[in-house]
Amino acid sequence: MTLDELELECKNCRKCALCEGRTNLVFGTGKKDADIMLIGEGPGENEDLQGQPFVGRSGQLLDKFLASVDLSRDKNVYIANMVKCRPPHNRDPKPEEQDICIEWLRKQFKIIRPKIIVCVGRISAQRLISPDFRVTKEHGTFVDKNGVLMMGTYHPAAILRNPNNKELAFQDWLALREKIDELGIEI
């Protein structure tokens with residue numbers, strides 16, 4: 001199965017109530033065989049309207065972080081979310097919504113086969129790295145999970161709310177770049 005086929009299948013998903021409020025499915029975007037995969041929490045209003053993850057102000061900040069370490073959603077990373085439909089009022093996706101939607105993410109992962117996953121924000125880091133993951137304490141630290149390196153970092157929206165964490169987040173992206181070089185991943 002290809003990512004395009006999986007996305008078509010996902011568009012028909014009606015397994016939870018989030019589908020009822022969506023304008024567009026936000027499946028994912030980027031290089032379809034990327035070695036680096038970014039996983040956020042869920043679409044916000046702009047993402048729902050455009051059908052793409054991380055657009056708007058937080059997406060612009062994410063793109064700047066990526067560009068600072070020679071990464072790009074157009075060339076060498078794939079970006080997805082824990083849930084594919086916007087939670088009402090941009091609230092965090094509920095655990096039961098994540099439970100339902102994670103199968104789509106697992107299938108994306110199996111097709112893409114990334115070597116490194118960056119969990120962008122608390123929700124994805126707690127789901128994929130550890131339930132007690134604390135971004136403020138563990139950001140930028142790599143963990144090996146079944147042969148895939150995972151790292152959690154600050155969500156760009158959190159940085160926009162608290163710009164004091166921008167330098168810490170930037171250090172995480174530099175650590176990612178170092179890990180890419182260390183592993184000899186061509187980007």
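Reply: Happy to. A salt bridge here is a side-chain nitrogen of Lys or Arg within 4 Å of a carboxyl oxygen of Asp or Glu. This is a predicted model, in which local features need pLDDT of at least 70 and side-chain atom pairs count only at pLDDT 80 or more, while totals for chains, interfaces and linings use all residues. Residues are numbered from 1 along each chain as its sequence is written, and side-chain values use heavy atoms, with hydrogens and water left out.

Let's start with the charges. The structure holds 12 salt bridges, and one of them pairs Lys107 with Glu9, with 3.8 Å between the closest N and O atoms. Lys107 sits in helix H5 (residues 95-112) and Glu9 in helix H1 (residues 3-11), so this pair ties together parts that are 98 residues apart in sequence. Helices (H or I, at least four residues) and strands (E, at least two) are DSSP runs, numbered from the N terminus. Both partners are partly exposed: Lys107 has 29% relative accessibility, and Glu9 has 36%. (Buried means under 20% relative accessible area, exposed over 50%, and partly exposed in between, with a 1.4 Å probe and protein chains only.)

Next, look at Arg91, whose salt bridge with Glu97 has its closest N and O atoms 2.8 Å apart. Glu97 is buried, at 8% relative accessible area, whereas Arg91 is partly exposed at 26%. Asp92 makes a salt bridge with Arg122, and here the closest N and O atoms are 2.6 Å apart. This pair links distant parts of the chain, 30 residues apart: Asp92 is in the loop between strand S3 (77-81) and H5, and Arg122 is in helix H6 (residues 122-128). Asp92 is partly exposed at 34% relative accessibility, as is Arg122 at 38%.

Now for the cysteines. With a disulfide taken as a pair of cysteine sulfur atoms within 2.5 Å, the structure holds zero disulfides. Cys13 is in none, and its nearest cysteine sulfur belongs to Cys10, 5.8 Å away. Cys13 is also buried, at 15% relative accessibility. Cys101 is in no disulfide either; the nearest cysteine sulfur is again that of Cys10, at 5.9 Å. Cys101 is buried too, with a relative accessible area of 10%.

On a 1 Å grid over the protein atoms alone, a cavity is a set of points where a 1.4 Å probe fits but cannot get out, and lining residues have an atom within 4 Å of a point. Grid points are joined across faces, edges and corners, and a volume is the space filled by probe spheres set on the points. By this rule there is one cavity of 30 Å³ or more, and the largest cavity holds about 100 Å³ of space. Its lining has 14 residues, with Cys13, Cys16, Leu18, Cys85 and Cys101 nearest the centre. Helix H2 (18-21) and H5 are the elements that give two or more residues to this lining, and H5 gives the most, with three. By type, the lining residues are 10 nonpolar, no polar and four charged. (Ala, Val, Leu, Ile, Met, Phe, Trp, Tyr, Cys and Pro count as nonpolar, Asp, Glu, Lys and Arg as charged, and the others, Gly among them, as polar.)

Technical notes. 1 Å grid on protein atoms, 1.4 Å probe; cavity = no way out; pocket = protein on both sides within 12 Å on 5 of 7 lines; lining within 4 Å.
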